[in-house]
Amino acid sequence: MEESLCAVEKRGRVHVITLTGAGEHRLSPALLSALRSAVAAARRASPGALVLAGEGKFFSNGYDLAWARAGPAPAPEHRLSTMRAAFRGLVADLLALPVPTVAAVTGHAAGAGCALALAHDAVAMRASRGFLYISEVDAGIKIVDFVGELVRQKVPDAAARRDLVMKGEKMTAAQAARRGIVDAAVDGGVEDVVAAAVAMAEELAARDWDGENLAAIRKDAWPVLWSKVKDYGCDVPARPRL
């Protein structure tokens, strides 16, 4: 795990992963690798719950498209595919994690950054700043199968899905809470949102659920989504060498 990209701390029974710095927290291969390492470390530490938060103005502004377009080789589409595969693996890791997960959406969550927030069991979002934004229609980028399924399962209202996906609507915390997409619109600054997310996570951790059963239920609750990501997760058994 790269400390410059992610910071990890314990708050009671909750393992908090923070995307560090004042940048856009774009999901480059390096950041996705750091996130997956942090989630794997949380799994080994056996916390009661996990919270993912971001510093600064952004929770995450999606894929690092500048990295995808840089350099003559590999081709931009291949680089984008590399990021998508890594993100598919991160979603698998979160679905298979044997503890409750909460996203603290402290700022803008766009594109894959929005999908990252939705991949958690619960979402607390800053009321005064930031929005959820599925940017693919505006950016001219395809929504890949697992992201489409994630949005289908985590955005319960068909009109809200249409507004996010087909209209590229930038949805505030109040709008997202009203439409059942996030669990809480939190007043205040970044630390207030993180504190609210940690409180939500502590409440879930206090239930003392069986972790492996929790992960199995999560996979069974969203079986199509799980089928699209499971072969990329960190808990995929290694294939024996011949």
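Mentor: Let us begin with burial: buried means under 20% relative accessible area, exposed over 50%, and partly exposed in between, with a 1.4 Å probe and protein chains only. This is a predicted model, in which local features need pLDDT of at least 70, side-chain atom pairs count only at pLDDT 80 or more, and totals for chains, interfaces and linings use all residues. Residues are numbered from 1 along each chain as its sequence is written, and side-chain values use heavy atoms, with hydrogens and water left out.

Trainee: Which strands pair with strand 7, and over how many bridges?

Mentor: Two strands pair if DSSP finds at least two bridges between them. Strand 5 (residues 101–105) and strand 7 pair in the parallel sense over 4 bridges; Ala103 stands opposite Val123, and Val102 has Ala122 as its bridge partner. Strand 7 and strand 9 run parallel and are joined by 3 bridges, with Met125 opposite Ala185 in strand 9.

Trainee: What is the order of the sheet of 6 strands, and what is its pairing?

Mentor: The sheet is open, its order is 1-2-3-5-7-9, and the pairing is mixed. Strand 1 (6–11) and strand 9 stand at the edges because each has a single partner strand, so one side of each is left without a neighbour in the sheet. From one strand to the next, the twist averages 20°. Helix 1 (residues 29–45) packs on this sheet and touches strand 1, strand 2 (14–19) and strand 3 (49–54).

Trainee: Why do strand 4 and strand 8 stand at the edges of their sheet?

Mentor: Their open sheet has 3 strands in the order 4-6-8, with parallel pairing. Strand 4 (58–60) and strand 8 (132–133) each have a single partner strand, so one side of each is left without a neighbour. Strand 4 and strand 6 (residues 108–110) are joined by 2 bridges, which meets the requirement of at least two. The bridge partner of Phe58 in strand 6 is His108.

Trainee: Why is helix 3 called oblique to helix 10?

Mentor: Angles run from 0 to 180 degrees between N-to-C directions, and axes are lines fitted to C-alpha atoms, for helices over the stretch in contact. Angles under 35 degrees count as roughly parallel, over 145 as roughly antiparallel, 65 to 115 as roughly perpendicular and the rest as oblique. Helix 3 (residues 76–96) and helix 10 (residues 211–221) pack at about 125°, with their axes 8 Å apart. That angle makes helix 3 oblique to helix 10. Contact means heavy atoms within 4.5 Å; here Leu94, Leu95 and Ala96 of helix 3 meet Ala215, Arg218 and Lys219 of helix 10.

Trainee: What makes helix 3 oblique to helix 6?

Mentor: Helix 3 and helix 6 (residues 145–154) pack at an angle of about 40°, with their axes 10 Å apart. This makes helix 3 oblique to helix 6. Arg84, Phe87, Arg88 and Val91 in helix 3 meet Asp145, Phe146 and Val147 in helix 6.

Trainee: How do you know that the sulfur of Cys114 is too far for a bond?

Mentor: A disulfide is a pair of cysteine sulfur atoms within 2.5 Å. The closest cysteine sulfur to that of Cys114 is in Cys6, 19 Å away, and is therefore too far for a bond. The structure holds 0 disulfides. Cys6 is buried, with a relative accessible area of 0%, and Cys114 counts as buried at 1%.

Trainee: Why does Ile181 count as buried?

Mentor: Its relative accessibility is 6%, and buried means under 20%. Ile181 lies in the loop between helix 8 (173–178) and strand 9 (184–186). Leaving aside neighbours within four places in sequence, Ile181 has contacts including Leu118, Leu132 and Met171.
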